[in-house]
Amino acid sequence: MTATASELSHVYPLGTRVNDRGRLELGGCDAVELAREFGTPAYIVVEDDLRSRARAFVDAVAARHKDFDVLFASKAFPCTAVYRLLAEEGLACDVASGGELALALSGGFDARRTYLHGNAKSATELRQALGAGVGHVVLDSLHELERLAQIADELLPPGHPQEVLIRVTPDVAGDTHSAVSTGQADSKFGFSVAQAREAIDRLATCTSLELVGLHAHIGSQLFELEPFRRAVATIATLGDFPVYNLGGGLGAAYTASQHPPSVEDYVEAIVGALHSQLGADKRLLLEPGRALVANSTVTLYTVESVKRNVSTWVAVDGGMSDNLRPMLYGSPYEALIADRPLAPAAVACHLAGKHCESGDVIARDVRLADPAPGDVVVTPATGAYGYALANNYNGVPRPPVVFCSGGAAWVVVRRETYADLMSRDVQPLPPGSR
């Protein structure tokens with residue numbers, strides 16, 4: 001008997017079900033078969049989920065506001081195939097480094113609809129951005145303003161200034177982890193309201209940079225809408241501009257108990273605040289990242305051991321090298337056994353990683369259905385900052401990224417090899433040869 005997604009937690013990708021064999025099915029693909037074909041750990045991305053969420057954002061804004069762009073905040077999942085898919089869906093792109101800019105352009109984004117952020121942009125990155133012809137550079141400090149003006153004077157022809165936004169820190173903090181809160185007054189990001197006024201005055205006399213608007217982003221993984229409204233009210237005191245980038249920050253559900261606002265409710269709050277505080281004639285930019293990609297993806301692991309002492313420890317073949325979020329932020333995750341997802345989850349346990357750190361625990365206090373070595377374990381909602389934060393701790397190669405759709409699966413990023421770990425080594429000169 002086939003079970004639908006309604007019998008599973010809503011944190012799994014859209015269309016996930018339990019098939020006739022009693023196994024979890026992702027994008028029409030049997031999760032156990034995926035593990036056998038591609039190995040574990042592996043990031044499994046359901047393509048239809050990504051496309052559906054992208055369209056939901058575009059449709060929600062289009063129903064409420066005329067002049068807009070939805071930007072993929074690509075630090076959440078900086079994978080060429082993800083860039084390419086979201087470019088196909090008509091999104092623009094937000095990048096936070098030269099590397100992300102290179103990936104976005106390689107993935108098919110138009111440079112004019114690609115926007116550079118970051119609190120410590122190097123001169124090399126600024127030159128790269130201007131050379132590529134990016135749409136906006138979001139200024140983060142007075143020092144950066146002066147640096148970019150000098151570079152623009154060198155690289156751009158007279159009468160063709162680089163468009164810029166000023167990032168304003170509105171002293172509005174959402175209820176989220178301190179590491180992903182960005183709108184409070186004491187933040188490494190952006191200008192205070194007073195500093196923003198100074199930057200606006202400086203740009204008024206700068207011929208190589210054109211100030212077209214303001215940017216505000218108050219944090220990530222937010223479940224409340226009122227802080228977004230307060231942020232808009234704050235930046236409205238700085239004057240009237242044609243463009244307002246109001247960031248992202250909408251949370252994603254990582255566990256069954258989490259229920260973030262819907263895309264429609266989030267957009268309604270943002271657009272309503274924009275219209276009431278600034279007017280309906282502005283160009284609106286929004287930057288969803290996590291809310292676009294988190295729930296599109298699961299990570300597959302294989303159980304290596306089950307150990308019982310004070311607690312039960314189910315150890316798998318991945319961990320903090322493929323999902324660093326639980327260790328950085330204490331982020332909670334769910335888990336299930338791929339070939340018995342609806343069986344009674346009778347065993348209370350900690351899902352532990354393979355790395356030589358006591359803190360390498362992927363999910364604490366989860367319940368699994370009689371876990372045993374060789375089982376395939378699935379952790380959902382790993383599309384945001386799993387691949388992005390992946391690393392080689394303990395010399396562990398990073399996992400592949402596998403796309404699924406309509407029962408077909410294909411690799412878009414291959415698994416790293418041990419040779420890859422040594423690929424950047426340089427043979428040192430022998431002693432005495434210098």
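Student: In which hand does H8 pass H9 in this predicted model?

Tutor: The two helices in question are H8, residues 226-235, and H9, residues 263-277. Their axes come within 9 Å. The crossing in which H8 passes H9 is right-handed.

Student: Are H8 and H9 roughly parallel or roughly antiparallel to each other?

Tutor: The axes of H8 and H9 cross at roughly 25°. Angles under 35 degrees count as roughly parallel. H8 and H9 are therefore roughly parallel.

Student: Which residues of H8 meet H9, and how many residues of the contact are nonpolar?

Tutor: From H8, the residues are Phe228, Arg229, Val232 and Ala233. They meet residues of H9 including Tyr266, Ile270 and Gln277. By class, the contact has one charged residue and one polar residue, while the number of nonpolar residues is eight.

Student: How are H6 and H7 oriented, roughly parallel or roughly antiparallel?

Tutor: H6 spans residues 142-155 and H7 spans residues 193-203. Their axes come within 10 Å and cross at roughly 15°. Because angles under 35 degrees count as roughly parallel, H6 and H7 are roughly parallel.

Student: Which residues of H7 make the contact with H6?

Tutor: H6 contributes Leu142, Leu145 and Glu146. The residues of the contact divide into four nonpolar, no polar and three charged. On the H7 side, the contact is made by Glu198, Ala199, Arg202 and Leu203.

Student: Which strands are the edge strands of the open sheet?

Tutor: Three strands form the sheet in the order E1-E2-E3, with antiparallel pairing. An edge strand here pairs on one side only. The edge strands are E1 (17-18) and E3 (29-30).

Student: Which residue in E2 stands opposite arginine 17?

Tutor: E1 and E2 pair in the antiparallel sense over two bridges. E2 covers residues 24-26. The residue opposite arginine 17 is glutamate 25.

Methods:
Residues are numbered from 1 along each chain as its sequence is written. This is a predicted model: local features need pLDDT of at least 70, side-chain atom pairs count only at pLDDT 80 or more; totals for chains, interfaces and linings use all residues. Side-chain values use heavy atoms; hydrogens and water are left out. Axes are lines fitted to C-alpha atoms, for helices over the stretch in contact, and angles run from 0 to 180 degrees between N-to-C directions. Helices (H or I, at least four residues) and strands (E, at least two) are DSSP runs, numbered from the N terminus. Angles under 35 degrees count as roughly parallel, over 145 as roughly antiparallel, 65 to 115 as roughly perpendicular and the rest as oblique. Contact means heavy atoms within 4.5 Å. Ala, Val, Leu, Ile, Met, Phe, Trp, Tyr, Cys and Pro count as nonpolar, Asp, Glu, Lys and Arg as charged, and the others, Gly among them, as polar. Two strands pair if DSSP finds at least two bridges between them. A crossing is left-handed if the near helix is turned anticlockwise from the far one by less than a right angle, and right-handed if clockwise.
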